[in-house]
Amino acid sequence: MRASVVVLCRDNPYQLEETLSSLVRATQGLEPPFALELLVLDGSTTEACRKVFDAAALQPWNQRLIHRPPQGIYDAMNAALWEVNGSWVAFMNAGDLYT
């Protein structure tokens, strides 16, 4: 089974770091049959969120970051749905914590 998590962010690198850390902690030790996909959809005007994403230790996630000019949250969510491969999709905003 493949599960996808989409994290939406825009110019909030500290909150993105918290969210990514919470996902890593929550999935430590998770074994197959789970395939985890993480998509960060970044509408930032700077490279700060990309730097946080690049520095994160996101194992066992298959992760990607897509930069997309901001056109609203619903546009971002719809764009993400075209990109993910999971049977299950969860949306989080940067700053949300999975515990």
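This is a predicted model: local features need pLDDT of at least 70, side-chain atom pairs count only at pLDDT 80 or more; totals for chains, interfaces and linings use all residues.
## Helices

Helix 1 covers residues 13-27. With 15 residues at 1.5 Å a residue, helix 1 should span 21 Å, and the distance of 21 Å between its end C-alpha atoms agrees with this. The buried residues of helix 1 are Pro-13, Leu-16, Thr-19, Leu-20, Ser-22, Leu-23, Val-24 and Thr-27. These buried residues pack against strand 1, strand 2, helix 2 and strand 4. After helix 1 comes Gly-29, which has a positive phi near 85 degrees.

The loop between strand 1 and helix 1 holds Asp-11. The phi of Asp-11 is also given here: near 55 degrees, a positive value in a residue other than glycine. Asp-11 has a relative accessible area of 35% and is therefore partly exposed.

Helix 2 comprises residues 48-55, of which Cys-49, Val-52 and Phe-53 are buried. Seen down the axis of helix 2, the buried residues fall within an arc of 100 degrees, so they line one face of the helix. Lys-51, Asp-54 and Ala-55 are exposed on the other side of helix 2. The partners against which the buried residues of helix 2 pack are strand 1 (2-9), helix 1, strand 2 (35-42) and strand 3 (62-67).

In helix 3, which runs over residues 73-83, the buried residues are Ala-76, Ala-79 and Ala-80. Around the axis they cover an arc of only 105 degrees, which puts them on the same side of helix 3. Tyr-74 and Trp-82 are exposed on the other side of helix 3. Strand 1, strand 2 and strand 4 are the elements against which the buried residues of helix 3 pack.

Strand 2 contains Glu-37 and Asp-42. Each is buried, as stated for Glu-37 at 2% relative accessibility and for Asp-42.

Asp-42 has no salt bridge, and the nearest side chain of opposite charge, that of Arg-50, is 5.8 Å away. The side chain of Asp-42 does make a polar contact with the side chain of Ser-44, at 2.4 Å. Beyond residues up to four places away in sequence, Asp-42 touches Cys-9, Cys-49, Arg-50, Leu-65, Ile-66, His-67 and Arg-68.

Glu-37, by contrast, forms a salt bridge with Arg-64. The side chain of Glu-37 also makes a polar contact with the side chain of Ser-4, at 2.5 Å. With neighbours within four places in sequence left aside, the contacts of Glu-37 include Arg-2, Val-5, Trp-61, Asn-62, Glu-83 and Gly-86.

## Salt bridges

Side chains of opposite charge can pair when their charged atoms come close. The whole structure contains 4 salt bridges.

| Salt bridge | Distance, N to O |
|---|---|
| Glu-37 and Arg-64 | 3.3 Å |
| Arg-64 and Glu-83 | 3.3 Å |
| Arg-68 and Asp-75 | 2.9 Å |

Salt bridges that share partners join Glu-37, Arg-64 and Glu-83 into one network. Glu-37 forms a salt bridge with Arg-64; Glu-37 lies in strand 2 and Arg-64 in strand 3, so this pair ties together parts that are 27 residues apart in sequence. Arg-64 forms a further salt bridge with Glu-83; because Arg-64 lies in strand 3 and Glu-83 in helix 3, the pair ties together parts that are 19 residues apart in sequence. Arg-64 is partly exposed at 28%, and Glu-83 is partly exposed at 33%.

In the salt bridge between Arg-68 and Asp-75, Arg-68 is partly exposed with a relative accessible area of 28%. Asp-75 is likewise partly exposed, with a relative accessible area of 23%.

## A residue of strand 4

Strand 4 covers residues 88-93 and contains Ala-90. At 35% relative accessibility, Ala-90 counts as partly exposed. Ala-90 and Val-5 are 85 residues apart in sequence, yet their C-alpha atoms are 4.8 Å apart in space. Apart from neighbours within four places in sequence, Ala-90 is in contact with Ser-4, Val-5 and Val-6.

Notes
Residues are numbered from 1 along each chain as its sequence is written. Side-chain values use heavy atoms; hydrogens and water are left out. Buried means under 20% relative accessible area, exposed over 50%, partly exposed in between (1.4 Å probe, protein chains only). Helices (H or I, at least four residues) and strands (E, at least two) are DSSP runs, numbered from the N terminus. The arc is that of the directions from the helix axis to the C-beta atoms. Contact means heavy atoms within 4.5 Å. The expected span of a helix is 1.5 Å times one less than its number of residues. Lys and Arg count as positive and Asp and Glu as negative; His and the chain ends are not counted. A polar contact is a pair of N or O atoms within 3.5 Å; within protein, one must be able to donate a hydrogen and the other to accept it, and residues adjacent in sequence count only if both atoms are side-chain atoms.
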